[in-house]
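Work through the exercises below with the coordinates open. Each task is followed by a solution in steps.

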Amino acid sequence: MIQTIVSEELPIKEKFEIKKNIIRGPRRGKRLCVVTGTHGDELEGQYVCFELARRLNNDLDSLSGRVEIYPALNPLGVDSITRGFPSFDLDMNRVFPGEVNGHLLENTAHQIVRDLKGADIVLDIHSSNIFLREVMQVRINVQTAPRLLPYAKMLNTDFVWVHDAATVLQSTLAYSLNITGTPTLVVEMGIGMRITRDYGNRLVDGIFNLMRHLRMWRGPTADCISEPFLSTDGEVVFMNAETSGVIIPSVSHSSTVSAGDAICHIVEPFEGRVLQDVLSPVDGFVFTMRTYPIVYEGSLIARIYKQGQS
C-alpha cells in the first residue's frame, strides 16, 4: 500500500510529496522501516528498496508484521542528483528533528520523524559521496551501542563503526529517532551516484536475517551472514594527503594491508614527479578508499581499521 506521509504545496500548483510503501504480512508483528534518499546523490539504497520489496512480495505469507519502505526522503534531490535539498541549499540530514511551524524543509523533517517514531527498528541507508568508496558498514553512536550492536551484527556488513558521542551530529535523522527510543541504525556503503548490486544483495540478505531474529520472517534466509569487524575492538586510522596532486591508487577498498604497504602515490603530471608515497602506518583493513583522483592537502585518502592485539 502506497501512503503519502508529506504533502506540501509548491509554486504554480505543484506538490512536494514523500511516500512510503507499506508491505503487510498476514499475521500481526513488529514494524521495520527502511529509509534512504536523504541525500539525492546517494543511490545505493534505491536498489535495496527494490530488491527488498520484490522478495517480500514474492513470499508475503512468510512475513509477520509490516515492512515500510521509504525510497526517497529527499525526492527533489534524487530527481536532480543533488546532495542537499534543492532551492534551500541545505543538507537535509542537518535539520532533524525539524519544526512543526518551520519552513518547508524543517516541517518536512518534523513530519518524517513523527511518521517513523515508534518503529521497532529503522535502517537509514546512505552511500558515500563521489570521492570515496566505502565497504558495507553500520555506524552507530557509542551512547546507543549497547542497544544497537546486536542488531548491527545481523546485517551482513563488513564493519561496524561505533562513533564517539562528540562526533555524532545531533541534527541527523538517526540521532533524532534514537533519542525518542526508536532504535535506528545507519548503513553506509558504496559510492555516490552509483549502485553496487553486490552490496545491495548482501544488505537485503542481512535485513531478512534481522527480520528472522525479530520473529518477523519465516521464509528462507542466507546460509552465510558475515561477522563484521567492530571498531571497539581496535582503532580507526585516517590517512590524509600531505600535498595537492593526482593520486595513483595501489590498493582498493576492502583490502588488507601491512604497515609500510603503499596505499597510493600522489603525483604531478607536468614533470612526472611523485610528490608523496602514502604508506600504511599499520596492519589493517582498508574500509574507505578515495576514488576521485584529484586531492588537495588535507583531503581524506583512506580509513584503515587496525585490529587490537589479543
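**Exercise 1: Ile81**

Solution. 
1. The model is a predicted one.
2. Ile81 sits in the loop between α2 (75-80) and α3 (104-116).
3. The phi of Ile81 is near 50°, a positive value although the residue is not glycine. Most residues other than glycine have a negative phi.
4. Ile81 belongs to a nonpolar surface patch together with Ile130, Phe131, Met193, Tyr292, Ile294 and Tyr296. The patch has about 610 Å² of accessible area in total.

**Exercise 2: Further backbone features**

Task: State which peptide bond is cis at Pro97, and decide whether Asn156 is buried or exposed.

Solution. 
1. The cis bond joins Phe96 to Pro97, with omega about 5°. Most peptide bonds are trans.
2. Pro97 is in the loop between α2 and α3, the loop that also holds Ile81.
3. Asn156 has a phi near 70°, again positive in a residue other than glycine. Its place is the loop between α4 (145-152) and β7 (159-163).
4. The relative accessibility of Asn156 is 4%, so Asn156 counts as buried.

**Exercise 3: Nonpolar cores**

Task: Find which residues of the largest nonpolar core touch the most other members, and which helix gives the most to it.

Solution. 
1. The largest core has 46 residues; Leu32, Ile207 and Met211 touch the most other members.
2. Helix α6 (residues 197-213) gives the most, with seven residues.
3. Beyond its neighbours within four places in sequence, Ile207 contacts Leu32, Val34, Val48, Leu52, Leu123 and Leu155.
4. A separate second core has 21 residues, among them Leu73, Met92, Leu105 and Ile112.

**Exercise 4: The whole chain**

Solution. 
1. The protein has six helices and 17 strands.
2. Along the principal axes, the C-alpha atoms fill a box of roughly 65 × 50 × 35 Å.
3. Of the 310 residues, 52% count as buried.
4. Among contacts between residues at least 6 apart in sequence, 69% join residues at least 24 apart.
5. The protein exposes about 14400 Å², and 50% of this comes from carbon and sulfur atoms.

How values were computed. Residues numbered from 1 in each chain as written. Predicted model: local features only at pLDDT ≥ 70, side-chain atom pairs only at ≥ 80, totals over all residues. Heavy atoms only, no water. Core = buried A, V, L, I, M, F, W, Y, C linked by side-chain atoms within 4.5 Å. Buried < 20%, exposed > 50% of the residue type's maximum accessible area, 1.4 Å probe, protein only. Helix = DSSP H or I, 4+ residues; strand = E, 2+ residues; numbered from the N terminus. Contact = heavy atoms within 4.5 Å. Patch = residues over 30% accessible without salt bridge, like charges linked within 9 Å, V, L, I, M, F, W, Y side chains within 5 Å. Areas by Shrake-Rupley, 256 points an atom, 1.4 Å probe, with all protein chains shown as cover. Salt bridge = Lys/Arg side-chain N within 4 Å of Asp/Glu carboxyl O.
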